[in-house]
Amino acid sequence: MQHKVIDMQNVVIRFAGDSGDGMQLTGTLFADASALYGNEISTFPDYPAEIRAPQGTVSGVSGFQVHIGSGEVHTPGDFCDVLVAMNPAALKANAKWTKPTATIIIDIDAFDEAGIKRAGYATLDPFVELKIEDRNIIPSPITTLTKESLKESGLDNKSILRSKNMFTLGMCFFLFNRSLDHTYEYLEDKFKKKPKLIEANKKVLFDGFNYASNIHAIPNTYMVQPAPQEKGVYRNINGNQATAWGLLAASEKSGIPLFCGSYPITPATGILEELAIHKYLGVKTMQAEDEIAGICTAIGAAYAGNFAVTTTSGPGLSLKSEAMGLAMITELPLVIVDVQRGGPSTGIPTKTEQTDLAQALYGRNGECPIAVMAAHSPSHCFDAAFYAGKYAMEHMMPVILLTEGFLGNGSEPWKIPSMKDYPEIHPPIIDSCEGPYKPYHRDPETFVRKWALPGKAGLEHRVGGLEKNPDGVISSDPINHEKMCAARAEKVARMANFIPKQEVIGADKADVLVVGWGGTFGHLYSAVQQMRSEGKSVALAHFDYINPLPKNTAEVFARYKKIIVCELNSGQFVDYLRAKLPDFKYLQYNKVQGQPFIVKEIVDAVNNIL
Amino acid sequence: MAYTAQDFKSNQEVRWCPGCGDHAVLASIHRALPEVCEALGYTKERIVFVSGIGCSSRLPYYMNTFGFHGIHGRATAISTGMKVANPKLSIWQATGDGDALAIGGNHFIHAVRRNIDINIILFNNQIYGLTKGQYSPTSKLGTITKTSPYGTVENPFNPGALALGAGSTFFARGLDSEIKLTQEILVAAAKNDGTSIVEMLVNCVIFNDGAHATISDREYRADRTIILRHGEPMIFGKNNDKGLIFRNRKLEVVTIGQDGITVDDLLVHDANCKEVGIHNLLVNMKYPDYPVALGVIRNVKENTYDDNVRDQLKEVEAKSTIKCMDDLLHSGATWVVE
């Protein structure tokens, strides 16, 4: 049948099903195909902590949202234009994220009485109950058609049912005029050793595509044209992968081998997994026996002359606290990556938050300031990790890099940089010294000490957790202790002389300055741009460097009438700003729901104070 | 150049209590290292002493080598990272019964399991000394201390049994006052590629005086301990007339000359035997039923973690076409925007 093709600038699609339904893969394949086509994209996996929660229940629903656009895309989108719901529970959990104009594709086979009851509906009419009966609902017998499609495949029933997601993906490819080629290539690579599965999956995908083209329920298809993009070679990257690659890049630029000691923890594990793949670049990864061993092996590696890293999430950062103090007082380079998740304690491990900032800034015994940086988008994790490594090695100190589950798991197209555009890294390693080596003698400008590696004759020395005098001799002298604490703090403070100035997006002077940090950048940027296009006097200062703050921070704040600090916690950055720069009045907008901001709520919050 | 003990002594004042068993172990270390360097071709700068927290963990300050004084319980993890980062280093760890077996127990068993090439000297005085006298995981059942005024109600670890249970390739036991024996053990530990555990029975004159007196007292030491040496019969006693045999599925103490027993009937120590059964029996021997075993009890060759790490890196590096970051950045699915 004939379909009208409608051009759209932006489309948000949400795939939702049981956590075993393969929705993360379906979403990823759709995103990849769109990125290859030239769309701007941003993705947001929203999955439960359980690997296989009870089937058909709301707690087991796994979702993956993709935002594709022919213009700039900075968030995974607030509400979706298309929702794919593989069962009644998926519909129930996600209906609230659909636009009033949304198309909803459901597997009608799953909407039997048992399925509806299992999802906890009060009635047998989910659409009325959810007040979405006026959405464009496309009930499709996805299970039946998948079985039909594969009845001669020779696959067992379980494998056949597992291919339902490919049928759905085929339907979506038709709906958005996407080629199947990319997914074909993926399947050929993935099932290299199982040709039967290649053929089966390709067939289901193709049948889903054809089914969508034949039904009357889909009168229109949609076209999202390629976005105008800078020339270059692109790839998709998620935040955890980008973090791992940024660390590898810092290792290459410094010529110092990379060591990563970590313990698996959601949502940070991807970094350790990614680094483990690239052992051929010389990276030594060690899956330690616990979080503490993760950081302590890293500290040992740093002492021995490696670029040492440990990666974790909030609970792991808590466990590493004492050892972070050790890295700080021994003044060894170390990058600690915290992919933040919902806390406290185990909290909501698969959901995103910015609630570890206070822990990163203050969570240690004694006077123990540590440099804190943050990444602001999945691909920015590369630069953030690179510079965390650069500052750690050049300034001989631990650096905490905060990312978020939202960034670690989220992906976006990334124009591949060239390593020649990144600066060299020069750690202060010495080969010899006159007289005995004194570990805490400092560069008068930077307060940085020298790095003397075991194995080099004449540099024998001892460092450790006990307070020392500048010569490296144990000292509990009161004045020495105060001086050493001050010197270590001053070294961190002087990193401000090396980091970029804080930039502002929008006018130099305006009524409201929106202030944010970390993974909320996309939402805050989209909100501010939208308001500016409406003629509102708003600008955005988004911080990548938190401790120390950029040197011009006060000068920036002074140019705006009102400052509103927006963050996914109860006000940890704003508290820090109030302590550091008390001359300004700060308003705040906070959310602690384990979910990213939506653009609209930021716009509303800012409008309220304009 | 040949080193002497003097080369390994630092200029720091040793601050252990007078009469502490740690002094003797330190002296043994100072004396053993020249021989270690000679035997293995090490230069002094390759040697690193690592420690955690506790009396014995002050040791790195008393060594004129590289040193790292860590935090409580974590020295094993720190040593592990150091060795992986630079396998050329000769890593020595000083730790105590609390540091290694209580707060650091997890790191201890995992180091042993991995068989990373480090030498762990475990100073076992069966007490927390630096915190002034609380019971430790090796304190005997019923020990009265400040935190167990009515006696402990928990069983102690036997560090040897724990190590062997975790898959140890090298376990030796020394006695603080037996400086020559300790020296011999330390050289053997250094020669073993893998995690070498050296349990040193040390006295704490202040909080647990006579910790090991029942076996260490000069008067009956020879009768209550047995020094095991690979290839030699298991013989002990003041008059060298006692020995160990294996009968009825257990070890048995016999007297040479009684019941027709001769030296030839005694067990011959095989420290290199991979089968752990007899080593287990030996580490578990307790006075008064048996003499306590000293010397190198187990010394077997297995692959080390650090070697495996190195070999795997080489292997994957040789196979990979990705040689640098720019290669990696352009690997996999990419597309061009013209």
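A salt bridge is taken here as a side-chain nitrogen of Lys or Arg lying within 4 Å of a carboxyl oxygen of Asp or Glu. The views below are of a predicted model, and each legend treats one part of it.

**View 1. The interface of chain A and chain B, with its salt bridges.** In one salt bridge the side chain of A:Glu460 meets that of B:Lys44, with a distance of 3.4 Å from N to O. The contact draws 67 residues from chain A and 55 residues from chain B. Between them the two chains bury about 5,000 Å², and 66% of this area is on carbon and sulfur atoms. On the side of chain A, the residues A:Tyr280, A:Glu289 and A:Arg462 supply 15% of the area that this chain buries against chain B, which is more than any other three residues supply.

View 2. Over all chains, the count of salt bridges comes to 38. The pair shown here is formed by the side chains of A:Glu188 and A:Lys202, at 2.4 Å from N to O. This pair links distant parts of the chain, since A:Glu188 belongs to helix α8 (residues 181-190) of chain A and A:Lys202 to helix α9 of chain A, 14 residues apart.

**View 3. Helices α5 and α9 of chain A.** Two packed helices are described by the angle between their axes and by the distance between those axes. Helix α5 (residues 142-149) of chain A packs with helix α9 (residues 195-214) of chain A at an angle of about 130°, and their axes are 10 Å apart. This angle makes α5(A) oblique to α9(A). The crossing in which α5(A) passes α9(A) is right-handed. From α5(A) the contact involves A:Leu145, A:Thr146 and A:Ser149, while from α9(A) it involves A:Lys203, A:Val204, A:Asp207 and A:Tyr211. Three residues of this contact of α5(A) with α9(A) are nonpolar, two are polar and two are charged.

**View 4. Helices α10 and α11 of chain A.** In chain A, helix α10 (residues 239-254) and helix α11 (residues 269-277) pack with their axes 8 Å apart and at an angle of about 50°. At this angle α10(A) is oblique to α11(A). As α10(A) passes α11(A), the crossing is right-handed. Helix α10(A) contributes A:Asn240, A:Gln241, A:Thr243, A:Ala244, A:Trp245, A:Leu247 and A:Leu248 to the contact, and α11(A) contributes A:Gly270, A:Ile271, A:Glu274 and A:Leu275. The residues of the contact of α10(A) with α11(A) comprise six nonpolar, four polar and one charged.

**View 5. Two cis peptide bonds in chain A.** Most residues other than glycine have a negative phi, and most peptide bonds are trans. The peptide bond from A:Gly343 to A:Pro344, however, is cis, with omega near 0°, and A:Pro344 lies in the loop between β13 (334-340) and α15 (357-362) of chain A. A cis peptide bond also joins A:Asn547 and A:Pro548, where omega is about 0°; A:Pro548 lies in the loop between β22 (545-547) and α20 (553-557) of chain A.

**View 6. Positive phi values in loops of chain A and chain B.** Although A:Phe447 is not a glycine, its phi is positive, at about 65°. A:Phe447 sits in the loop between β17 (429-430) and β18 (451-452) of chain A. In chain B, the residue B:Lys132, which is likewise other than glycine, has a positive phi near 75°. B:Lys132 is found in the loop between β4 (119-124) and α5 (159-165) of chain B.

Conventions:
Residues numbered from 1 in each chain as written. Chains lettered and ligands numbered in written order. Predicted model: local features only at pLDDT ≥ 70, side-chain atom pairs only at ≥ 80, totals over all residues. Heavy atoms only, no water. Axes fitted to C-alpha atoms, helices over the stretch in contact; angles between N-to-C directions. Helix = DSSP H or I, 4+ residues; strand = E, 2+ residues; numbered from the N terminus. Parallel < 35°, antiparallel > 145°, perpendicular 65-115°, else oblique. Left-handed = near helix turned anticlockwise from the far one by under 90°. Contact = heavy atoms within 4.5 Å. Nonpolar A, V, L, I, M, F, W, Y, C, P; charged D, E, K, R; others polar. Buried area = accessible area lost by both parts, 1.4 Å probe.
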